[in-house]
Amino acid sequence: MENEKKGIGKGELIALIVSSCIGTGIFGITSDVAAAAAPGPALLAWVFVGIGFLMLVLSLNNLSEKRPDLTAGIFSYAGAGFGPMGEFISGWSYWLSAWLGNIAFATMLMSSIGTFFPTFKGGQNLPSIIVAIVFCWLLTILVNNGVESASFVNMIGTICKVLPLVIFIVIMVVCFKAGMFTVDFWGRVANNASKGTTTGSVWSQMQGTLMTLIWVFIGVEGASVMAHRAKSRSAAQQASIIAFVTLVVIYVLISILPYGALTRAQLASMGQPAIGHVLQATVGTWGSILINVGLIISTIVSWLSWTMLPAETTMLVAEDKAMPKVWGKVNSKNAPTASLMITAVLQTIFLFSLLFTDKAYEFAYSLCSAAILFSYLFVGLYQMKYSSEHKEWGQFTIGLLSAAFMFACMFLAGWQEVLLVSISFIPGFIIYYLACRENDHKMSTAEKWVMVLILVLSVVAIWLVANGTITVG
C-alpha cells in the first residue's frame, strides 16, 4: 500500500486542475465556437482535441508511475529525455505561458468588474491597471504564505465559480429545442456568412474552433506539476483523470447546448461574456448578473492557481540545476519566495503595457497558448523515448499521438506566435548560461546548436515585428 504524507489531497488536486483550466475562456466559448462552426463540426472538434489531451494526460500518468524519481514532473521528463537544455526550454516556456496567462486574467477581471463599476470599464485604463497590480501582489503574498493552504482556498473558490456554470447548463437543458439544434447541423446554410458565422467544409469549421478549445484545456497538467506536494502519486494520477473527464463534460455541454436554445447567428454575435448574454436572452437580466459574478470569481481563483504553478515551475527546474539556485530557494512555508517575487515584478511591468494597446488580452492569450505547447510536446517525445527503450509499444503509441497532436496545434496556432515565443529565449539563455556556470555544467555542442537555432528564429521574429509583418498588439 502506498504511504501517504502530509500534503495536497486528491480533492484539492482535482479542484486545482479544474480551476486552472476553467478561467476566462469558458465564459466566451459559446460565441467563439458558434462563429467558427455549426454543432456537428464543433462536436467533431471536441472529439479531436479531447483525444489529443487525453493522450497527454495518459502520458503524464504513465511517466509519473514509471519515473517517480523525476520529482520535477513535466519539466524533468524533458530533462531525462533531452538533457538540461531540454528541461530549461520546457520549464521556461511553461513559466512564460503561466504569467502571460495571468495578464489575460487581469484584463478580463477588470473588464468584468467594469460591468458593475464604470470606472474600470474596458479593463485597460489606469485605475484598472492599479487594481490589477494590487490583485497580483495579494495573490503572490497568499501563495508565499504556503502553497498547501492556498490550494485549500482554491478548492473553495472552485466550488463557487463552477456553480453558475452548472446553473447555465441546467437552464440550457430546459430551453433546449431539438429542431433548432439540428436545423443546420453541419453548417452548410449559405446565408450564415452574412450573420457573423462561417460556412465551409466540416474540416475548415473544425479548424476554426481548435485554438479556442486548446486554450480552455491549458492547466490540465496541474496535478503533474504539483505531484511532489500530493499525499501520494496515485492521488495525483486519479485526480488528473477525474478532472479531465469533468472538464470535457462541462466544456461540451456549455459550448453545444446553446445551439438548441438560440440560432447560431445569435450565438456568434453575442458580446462577452457570451454565456452571460445567452442567459440574458433566455431568462433575463439576472442571468447576466449571475455569470458576471461567476466570471469575477473564476478569474480571481484561476489567477491564484496560475500564481502557484509558475513559481513551482522555476523552483523545480532550479532544483534540477537547469536554472540558477536563487529561483529554487524556499521560505519557512516551503514557498519559492524569489521565484514568486521575480514573476510578480514582471507581471507588474507588463500590466502597464495595457495602457498602450487595445489588443493586450489577445496578445497575451496567443503567446500563452503557443508557449505551453512546447512543454506538452516534450512530454509526448519523452513518453515515446522511454517506451521504445522498454519495448512498451502501447505506451509508445500514446506518446506518438500526444506529440503529433502538439505539433499539429503548433501549426494551427500559427508560425507568428511560435516565432514571438522564441524572442523570450534571448534573456532566457542568459539565465541558462548562469545556471551552467553555477553548477559546473559544460554546454555540449548540441546544446550550443539549439541555442543558435532558437536565437536565429528570435532575430527573424524581431525583424518581422519591426517591418510590420507580425503585429504584437
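1. **Basis.** This is a predicted model, in which local features need pLDDT of at least 70, side-chain atom pairs count only at pLDDT 80 or more, and totals for chains, interfaces and linings use all residues. Residues are numbered from 1 along each chain as its sequence is written, and side-chain values use heavy atoms, with hydrogens and water left out.

2. **Overall fold.** The protein has 19 helices and 0 strands. Both are DSSP runs numbered from the N terminus: helices are H or I with at least four residues, strands are E with at least two. Of the 473 residues, 58% count as buried. Buried means under 20% relative accessible area, exposed means over 50%, and partly exposed lies in between (1.4 Å probe, protein chains only).

3. **Surface and contacts.** The accessible surface comes to about 18500 Å². Carbon and sulfur atoms hold 70% of that surface. The areas come from the Shrake-Rupley method with a 1.4 Å probe; for residues, only the protein chains shown count as cover. Take the contacts (heavy atoms within 4.5 Å) between residues at least 6 apart in sequence: 82% of them join residues at least 24 apart.

4. Ala-239 sits in helix α10 (residues 233-256). Its relative accessibility is 0%, so Ala-239 counts as buried. Leaving aside neighbours within four places in sequence, Ala-239 is in contact with Lys-10, Leu-13, Ile-14 and Ile-17. Ala-239 and Ile-14 are 225 residues apart in sequence, yet their C-alpha atoms are 5.0 Å apart. Ile-242 is also placed in α10. Ile-242 is partly exposed, at 39% relative accessible area. From Ile-242 to Val-18 the C-alpha distance is 9.6 Å, across 224 residues of sequence.

5. **Ala-34 in helix α2.** Ala-34 belongs to helix α2 (residues 25-36). The residue is buried, with a relative accessible area of 0%. Not counting residues up to four places away in sequence, Ala-34 touches Thr-197, Tyr-259, Arg-264, Leu-267 and Ala-268. Ala-34 and Arg-264 are 230 residues apart in sequence and 5.8 Å apart C-alpha to C-alpha.

6. **Salt bridges.** Side chains of opposite charge can pair when their charged atoms come close. Here a salt bridge is a side-chain nitrogen of Lys or Arg within 4 Å of a carboxyl oxygen of Asp or Glu. A search of the whole structure finds 2. Lys-66 pairs with Glu-392, with the closest N and O atoms 3.0 Å apart. Lys-66 lies in helix α3 (residues 39-66) and Glu-392 in the loop between α15 (360-389) and α16 (393-413), so the bridge ties together parts that are 326 residues apart in sequence. Lys-66 is partly exposed at 28%. Glu-392 is partly exposed at 23%.

7. **The Asp-69 bridge.** Asp-69 forms a salt bridge with Arg-67, and the closest N and O atoms are 2.6 Å apart. Asp-69 is partly exposed, at 48% relative accessible area. Arg-67 counts as buried, at 19%.

8. **Helix α8.** This helix (residues 202-217) has 16 residues. From its first C-alpha to its last, α8 reaches 22 Å, close to the 22 Å expected at 1.5 Å a residue. The expected span is 1.5 Å times one less than the number of residues. α8 bends by about 35° at Leu-210, the bend being the angle between axes fitted to the seven residues ending there and the seven starting there. Buried residues in α8 include Thr-209, Leu-210, Leu-213, Trp-215 and Phe-217. Just after α8, Gly-219 takes a positive phi of about 115°.

9. **Aromatic pairs.** Rings of Phe, Tyr and Trp (its six-membered ring) pair if their centres lie within 6.5 Å; planes under 30 degrees apart count as stacked, over 60 as edge-to-face and the rest as tilted. The count comes to 26 aromatic pairs. Trp-99 and Phe-350 form an edge-to-face pair, 5.7 Å centre to centre with 80° between the planes. Trp-99 lies in helix α4 (residues 74-113) and Phe-350 in helix α14 (residues 337-351), so this pair ties together parts that are 251 residues apart in sequence. Trp-99 is buried at 8%, whereas Phe-350 is partly exposed at 21%.

10. **Aromatic cluster.** Ring pairs link Trp-99 and Phe-350 into a cluster with Phe-88, Trp-92, Trp-95, Trp-327, Phe-425, Phe-429 and Tyr-432.
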